[in-house]
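Hi,

Here is the structure I promised to pass on.

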Amino acid sequence: MWIMSDTEDKSTMLEKISKSVYRWVEMHGEARGEPYTWNSYAVDCPESQVLALIDPLVMSEAEALELDAIRPPTHILLSCEYHVRNALAYRERWGCQILVSVQEKDWYDIDVDGTFEDGACLWGKVNLVYVPDVVFKETAFWIKQERVLVVGDLLAGERLDLGVRDEDLAVIGPKFIDDLGKARGSLERL
């Protein structure tokens with residue numbers, strides 16, 4: 001089943017943040033008067049004929065058509081098991097393969113199509129960095145050639161509900177970190 005935004009806005013567009021990385025957002029926290037954006041990304045790897053979605057949220061039909069114009073998505077990369085979000089709907093729509101960290105594959109409540117390893121580079125472009133011990137655990141995606149780092153929940157900007165102003169960037173919150181020493185060690189890799 002195709003799932004789109006409840007407030008379908010035909011003017012919604014993907015934001016191009018680098019040569020081959022695109023972003024779309026979904027607003028959260030509005031009911032509390034503390035709105036912030038949740039982000040999802042698409043990485044185009046034309047040499048491999050791959051368009052990979054990262055932690056895909058709901059998108060408008062207009063955004064889906066923009067992706068189709070680049071190339072139909074082929075893969076979904078999940079940073080952690082609680083970011084499945086709309087992956088199943090997009091796998092149904094486009095036939096995407098869902099890939100997850102080998103360290104976390106047993107934690108998913110869905111069938112995944114494959115795994116990736118910490119330190120690997122997918123399609124000659126997307127470098128994978130497993131980061132345990134900080135805000136649970138997750139994989140960060142580093143597109144080195146374009147200096148783009150995509151993280152799931154490690155960092156937060158413009159999260160008034162967490163005390164992070166829009167001009168600041170912070171580790172998402174100390175209440176999620178069990179061992180600060182381990183967390184610092186994990187973050188050093190980034």
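Two strands count as paired if DSSP finds at least two bridges between them. Helices (H or I, at least four residues) and strands (E, at least two) are DSSP runs, numbered from the N terminus.

The model is predicted, with local features needing pLDDT of at least 70, side-chain atom pairs counting only at pLDDT 80 or more, and totals for chains, interfaces and linings using all residues. Residues are numbered from 1 along each chain as its sequence is written, and side-chain values use heavy atoms, leaving out hydrogens and water.

On confidence: pLDDT is the predictor's confidence in each residue, from 0 to 100. The protein chain averages 84, and 78% of the residues score at least 70. Over residues 1–10, though, pLDDT stays under 50.

Now to strand E6 (residues 97–101). E6 pairs in the parallel sense with strand E5 (residues 75–77) over three bridges, where histidine 75 stands opposite glutamine 97. Strand E7 (residues 114–116) is also a parallel partner of E6, over three bridges, and here leucine 99 faces glycine 114.

There is an open sheet too: four strands in the order E8-E9-E10-E11, with antiparallel pairing. Its edge strands, E8 (121–122) and E11 (148–150), each pair on one side only. E8 joins strand E9 (residues 126–132) over two bridges, and cysteine 121 stands opposite asparagine 127 in E9.

Happy browsing!

Terms used
Contact means heavy atoms within 4.5 Å.
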